[in-house]
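Biologist: I would like to go through this model and ask what stands behind the labels. Please set each value against its cut-off.

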Amino acid sequence: MPGPGLELVGDEELAELTDVIRSGRLSRYGPDDETFPAKVRRFEEAVAARAGVSHALAVNSGTSALYLALTGLGVGPGDEVIVPGFTYVATMSAVVYARARPVLAEIDATFDLDPTDVSGRITPRTRAIIAVHMLGNPARLAELRALADGHDLALIEDAAQAFGASYGGRWVGSHGAAGIYSFNEYKTITCGDGGMLVTDDEALYRRAFAMHDQGHSPLRHGVEVGARPMLGLNFRMTELEGAVLLAQLRRLDGIVAHLRANRDLVRSLLEDLPGIGFRELPDPAGDLATHLVVIFPDAAMAAAVTAELGSITLDRSGWHVYSHMEHLLEGRTVSGRGCPFDCACTHEGPADYRAGMLPASDALLARSMSFPIGVVDPNLAPFGLHMRDDAEVAHRQAEHFRTAWLGHMG
Ligand SMILES: Cc1ncc(COP(=O)(O)O)c(C=O)c1O
């Protein structure tokens with residue numbers, strides 16, 4: 001079972017789904033009366049209230065939500081968007097399909113964007129910074145927000161991996177111009193596949209809504225013909241997904257409390273190991289705690305210990321490290337090369353992406369691993385705790401880790 005929400009799917013989700021089937025309406029639109037359960041709209045309202053934002057737009061994936069954040073802001077050809085080199089490939093793809101260029105930046109000991117490195121990559125073309133809260137850990141939002149504000153850039157939060165995490169007492173996703181969440185099977189809560197955009201910006205919301213539904217006004221209310229802001233596509237969420245997510249949302253607080261208790265237990269069992277380090281948490285109270293990221297004294301020891309545990313170092317995480325994204329590095333588009341990687345209309349020369357271009361990130365990732373606390377992703381590491389695992393399993397796993405660590409100490 002990959003993520004915590006998926007492990008708990010049961011009767012509450014079934015009851016919500018039954019409501020939808022009985023109503024006979026599977027699309028998010030229906031009559032404004034008691035015959036229509038309006039699960040998607042109710043889920044949007046519930047998340048907006050928890051995140052403290054005025055608008056939430058449920059969509060079919062986190063990738064779509066990222067694309068909508070960018071197009072909602074009007075990002076397009078000729079623009080640059082700063083993204084971390086350690087993220088899921090969707091962060092890059094959304095920028096590319098908005099036909100802007102991703103500019104890769106280093107991560108720091110938070111395993112999220114390094115604000116100092118970001119600052120050096122801002123150019124007159126930069127339109128936005130995407131802060132990705134990797135492995136549930138909120139990025140340095142105060143610094144990134146100050147940078148964005150100081151240069152008149154939009155800060156977008158990719159909180160796909162951090163639904164339910166917070167920074168300074170506010171949910172991540174609510175700190176910039178727009179934030180996004182994912183509800184795929186590896187995430188805090190899930191409906192199989194789904195996503196959400198949150199924002200306080202009415203204009204951005206209206207544009208994002210239009211892009212997600214053929215140019216329509218929010219909830220298809222209001223005059224449309226002749227007044228649609230742009231051609232849109234279809235990224236709508238169905239009532240079936242909204243139903244499952246409403247039930248999952250009621251489980252969120254229990255999930256987060258359980259993850260944090262297990263993270264604290266595992267950390268307390270490991271922290272006296274000689275030479276061990278942990279990633280920095282810019283707001284320790286807000287970490288989602290799906291992962292305890294461990295830093296080794298050097299890459300050789302990290303490789304040896306992870307091999308013994310049947311795990312991997314984070315640099316080998318195929319989907320999450322820029323140097324493994326050959327489709328990005330080679331600028332592959334549907335038609336071969338072209339916009340945004342190589343376009344005479346917008347840039348003097350082609351984009352230049354290379355393995356090794358982020359040496360600080362490469363070095364950090366090569367000497368670290370995730371001790372999974374509630375998301376067991378075979379692509380990251382089959383080792384770790386599942387959501388239903390108790391203290392006894394945590395003790396056993398930690399003992400396994402300790403033995404490997406001590407056996408490979410130089
Ligand atoms: C950091 C990050 N951004 C974006 C996404 C895309 O979300 P989805 O899979 O819902 O499209 C993911 C999904 O794994 C992710 O981890």
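Biologist: Which elements do the buried residues of helix 12 pack against?

Modeller: This is a predicted model. In it, the buried residues of helix 12 pack against strand 11 (291-295), helix 10 (299-309) and strand 12 (368-372). Helix 12 covers residues 359-366, and its buried residues are S361, L364, L365 and A366.

Biologist: What makes H347 buried or exposed?

Modeller: Buried means under 20% relative accessible area. H347 has 8%, so H347 is buried. H347 belongs to the loop between helix 11 and helix 12. Not counting residues up to four places away in sequence, H347 touches G78, E80, R101 and R125.

Biologist: Why is the pair H347 and T346 called a polar contact?

Modeller: A polar contact needs N or O atoms within 3.5 Å, and residues adjacent in sequence count only if both atoms are side-chain atoms. The side chains of H347 and T346 are joined at 3.0 Å, so the pair qualifies.

Biologist: How do you know that C343 is in no disulfide?

Modeller: The cysteine sulfur nearest to that of C343 belongs to C345 and is 3.9 Å away. A disulfide requires two cysteine sulfur atoms within 2.5 Å, so C343 is in no disulfide. By this rule the model has a count of 0 disulfides.

Biologist: Are C343 and C191 buried or exposed?

Modeller: C343 has 12% relative accessibility and counts as buried. C191, at 16%, counts as buried too, because the limit is under 20%.

Biologist: What is the peptide bond from C339 to P340, cis or trans?

Modeller: That bond is cis, with omega near 5°. P340 sits in the loop between helix 11 (326-329) and helix 12.

Biologist: What sets Q214 apart in its backbone?

Modeller: Q214 has a positive phi of about 55° although it is not a glycine. Q214 is found in the loop between helix 8 (202-212) and helix 9.

Biologist: Why is Q214 called partly exposed?

Modeller: The partly exposed class runs between the buried limit of 20% and the exposed limit of 50%. Q214 has a relative accessible area of 41%, so Q214 is partly exposed.

Biologist: What about the phi of A289?

Modeller: Phi of A289 is near 75°, a positive value in a residue other than glycine. A289 lies in the loop between strand 10 (277-278) and strand 11. Its relative accessible area is 0%, so A289 is buried.

Biologist: Which residues have the most contacts inside the largest nonpolar core?

Modeller: They are Y181, L270 and F401, in a core of 72 residues. The largest share of this core, 10 residues, comes from helix 9 (residues 239-270). Another core, of 55 residues, lies apart from it, with Y29, V75, A128 and F209 among them.

Biologist: What is L270 in contact with, beyond its neighbours within four places in sequence?

Modeller: L270 is in contact with I276, F278, L292, F371, A398, F401 and R402. R402 lies in helix 13 (residues 391-407).

Biologist: What makes R402 count as buried?

Modeller: R402 has 17% relative accessibility, which is under 20%, so R402 counts as buried.

Biologist: Where does P138 lie, and is P138 buried or exposed?

Modeller: P138 lies in the loop between strand 4 (126-132) and helix 7 (141-150). P138 is buried because its relative accessible area is 0%. Leaving aside neighbours within four places in sequence, the contacts of P138 include D112, H133, Y167, P282 and D287. From P138 to F401 the separation is 263 residues in sequence and 26 Å in space, C-alpha to C-alpha.

Biologist: Which residues are closest to the ligand?

Modeller: G62, T63, D158, S182 and K187 are the closest of the 16 residues that surround the ligand.

Conventions:
Residues are numbered from 1 along each chain as its sequence is written. This is a predicted model: local features need pLDDT of at least 70, side-chain atom pairs count only at pLDDT 80 or more; totals for chains, interfaces and linings use all residues. Side-chain values use heavy atoms; hydrogens and water are left out. A nonpolar core is a set of buried Ala, Val, Leu, Ile, Met, Phe, Trp, Tyr and Cys residues joined through side-chain atoms within 4.5 Å. Buried means under 20% relative accessible area, exposed over 50%, partly exposed in between (1.4 Å probe, protein chains only). Helices (H or I, at least four residues) and strands (E, at least two) are DSSP runs, numbered from the N terminus. Contact means heavy atoms within 4.5 Å. A residue is near a molecule or strand if one of its heavy atoms lies within 4 Å of it. A polar contact is a pair of N or O atoms within 3.5 Å; within protein, one must be able to donate a hydrogen and the other to accept it, and residues adjacent in sequence count only if both atoms are side-chain atoms.
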